[in-house]
Amino acid sequence: MTLALIDALGKKGWQHIVVLRLPTGLITPGKTQSGTARVVALKDTDETTLVETLKQIQETDGPIAAFIHLHPRRSFDLSAKERFADVEKQILQQVFLIAKHLARPLTEAASRQRAVFMSVTRINGRLGYQMDNDASPLAGGLNGLLKTANIEWEAVFCRAIDLSPEIKDSEAADRIVAEMSDSDSRITEVGYASTGRCTLTADTQSVATQVHLADARIDTSSVFLVSGGGKGVTAACVMELAKRYRCRFILLGRSEIPPGEPDWAKNCFDDTELKKRCMDAFIADGEKPTPMKIAARLRQIIAGRDINHTIREIKSAGSMVTYLSADINDGVTLAQKLKPVIAELGTITGIIHGAGVLADKLIENKTAAEFETVYATKISGLNSLLNVVSLEKLTYLVLFSSAAGFYGNEAQSDYAAANEILNKVSYSFKHHFPACHVIAYNWGPWDGGMVTPALKNLFLERQIEIIPVPVGTTMMVDGLSQDLADTAQVVIGSSMTTPRKLTSDLKSYRICRTLSPALNPFLQDHTIDGEPVLPLITAVSWMADSCARLYPGFQLHTFENAQVFKGIIFNDPADKPVFVDIKEIRKNETDGGVEFDVRIASRNPQGKPVFHYGSRVFLSRKRDTVQTLPELAIESVVEQPAAEYYTNGTLFHGPMFRNVTHLLQIDRNKLVLRCNTPASGEKNQGQFPLDGFNYFADDACLQGLLIWARQFYEAGSLPLKIQKGSFFRTVPFSIDFFITLTITESSQSKILATVISHDAKGAIYSRFEGAEAAISKNLNRKFKQSGNHPKTPANVPGRSPRS
């Protein structure tokens, strides 16, 4: 793989390639010697050695502009006592430290060229989802690290790639190099399996849909071993579980329960007063009341109160409970402490792993010790818990992961890595023990627990929703229902990041792409004179999406001066190389807007550029509030079925674009249409997946121009330009919507209009101002041929653009 990647990078033009070989104790040396790459070996895992080695590389070969980690594929044996191999953890930690010390060099390199930080794993080609092999889930920790780096290093292109083990090295290398040049900065994870390329999205689901769920496989004899269960959100979840099922609990925590509170603390629940009494107690004992001593004493008292409260609530619900003060990283001692408790309460049938610690700092400020602490609590702690149960008898494995693992989160690279490992463990464990109900909850911030009042205020400022404790605990217990036994991961909450701040520098980009008619079935439903043509509105969608790919967190706000110069015609089956030139015109941090000038072009046989489409594109952090037509009057002056327009030469569109169902009103000034867009799946969309707006539906706005021109000039027409387009929401497939077209100018040669798509109540989907079509009777023959002879494959039903 290393040799194949060196070769692929060399062909791409990389002249200085260095192989950084990890210490022999971590990776068995393989054949990495190449005539085009220099090999540098790390002698040991010490951070000082790594820093010196990176310094020598930069002195010899120049500034580092890209780093790619090729992760060794390791198997995962759940039956082993040390199932999470320490060697692989050390590799992960080495990459973590490399990230720490490349943060500045890569950020500096990004001012000159695309800087890259990338990891490559061989889990299953599906990013550890749909697990079907014995690959180690520890590799998934790299994804958490990469996603956090992507947030912290806005200028650096970060991507985690997972390749199926079946993919040959040469093909794998080509995939890696291709991903290095991907324009879509919104994506941080990509997988390649036999089914093709995949990325991840969270399938949004309302809590309200999860009603009338079947009970869990839990009764009064069920015994749950709970880490971090004495206090905080884990304790709150346990209390809800006790109320629901009256099962039994063994709670584990680091805190000792004091035998009793000192007299000065009893019945005092005001923080300020309690602190004052604590200070007075130290003075009375002849000790100096330092802030550190006071904080430690108060923590002990408050922890004892919280744990005792948890125990009381669980018992009052009718459950049996025992609390053990134990270090879950010390598996031997933990097993010894558990023996008498298990003898009393019964065999452990479920694990809830809720323990976790934070050490929030930016990657470049992290230490190896902090990484070890965060990692150990989540991963080593889970290993200890699994060692004290019979895996075959386990009916529940509940892992408290974090949204930081799924999305990444600033200052939490180690925490994101550890939690992403838990997510992969969830799928792996379910694969090996399908009878066990396994679920990883990717929690967002709770109203309590690790979220301090200051942090809560920060989340509110960033408009990040906080999970109310009653809601979170209910969702956790609901997730144990037998109806959800196959759901191995649930993300509760959204990304905790905010869109990047805009810098003042203006950049230009060229995005190269090869269009294939065979990959885009929808083109066969947009033919003129028998030749497929890329629709103007699809080109607008393409240009807008090309800009949005460069600015994660931003979306299309408006476009201006969208026009056809020379449409892309697919008059032969050969692939068409094209390029999109994007030039930043303006960036304004005050209104959060970015303006681009965009051109789509190709080259003629002589090598000269041929421009096809162009537009100004405006992105913003959020869309405008949905507007409503001030005077909505869908009055059916006529109720005329519109099917004949697609066969009599008025419209040339095939089934996928046949939106117009009825003509409701038409006169010299106005046109009103009822529309309904047939569902068109991803296979039909091909290289132009819906993103931002539904170009199948919005094409109906332009079809209205053609209908009006036919009615009053008895001539065909072609859309050429839209002066301004605004989008408020996406038109769903397979529902009725309306087009209201108002004529602003018309002649024998052209028509200009304002076209609005909206629902029956007048709520607007989109508004096109200055929509222009060229009118010519010469188009009559071409349209009639196209309309009568559509070259359309069978339509493939699919999900709506909101899915």
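Visitor: Is the crossing of H3 and H10 left-handed or right-handed?
Guide: The crossing is right-handed, meaning that the near helix is turned clockwise from the far one by less than a right angle. One caution: this is a predicted model, where local features need pLDDT of at least 70 and side-chain atom pairs count only at 80 or more, while totals for chains, interfaces and linings use all residues. Residues are numbered from 1 along each chain as its sequence is written, and side-chain values use heavy atoms, with hydrogens and water left out.

Visitor: At what angle do H3 and H10 cross?
Guide: Roughly 135 degrees, and the axes of H3 (residues 86–109) and H10 (residues 368–387) come within 11 Å. Angles run from 0 to 180 degrees between N-to-C directions, with axes fitted to C-alpha atoms, for helices over the stretch in contact. Helices are DSSP runs of H or I, at least four residues; strands are runs of E, at least two.

Visitor: Which residues of H3 make the contact?
Guide: Lys89, Leu92, Gln93, Phe96 and Leu97. H10 brings Ala368, Phe371, Glu372 and Tyr375. Contact means heavy atoms within 4.5 Å.

Visitor: New topic. What is the strand order in the open sheet?
Guide: S3-S4-S5-S6-S7, with mixed pairing. Strands pair if DSSP finds at least two bridges between them. S3 (66–70) and S7 (196–198) are at the edges with a single partner strand each, so one side of each has no neighbour in the sheet.

Visitor: How many bridges join S5 to S6?
Guide: Four, and the two strands run parallel. Asp162 has Gly191 in S6 as its bridge partner.
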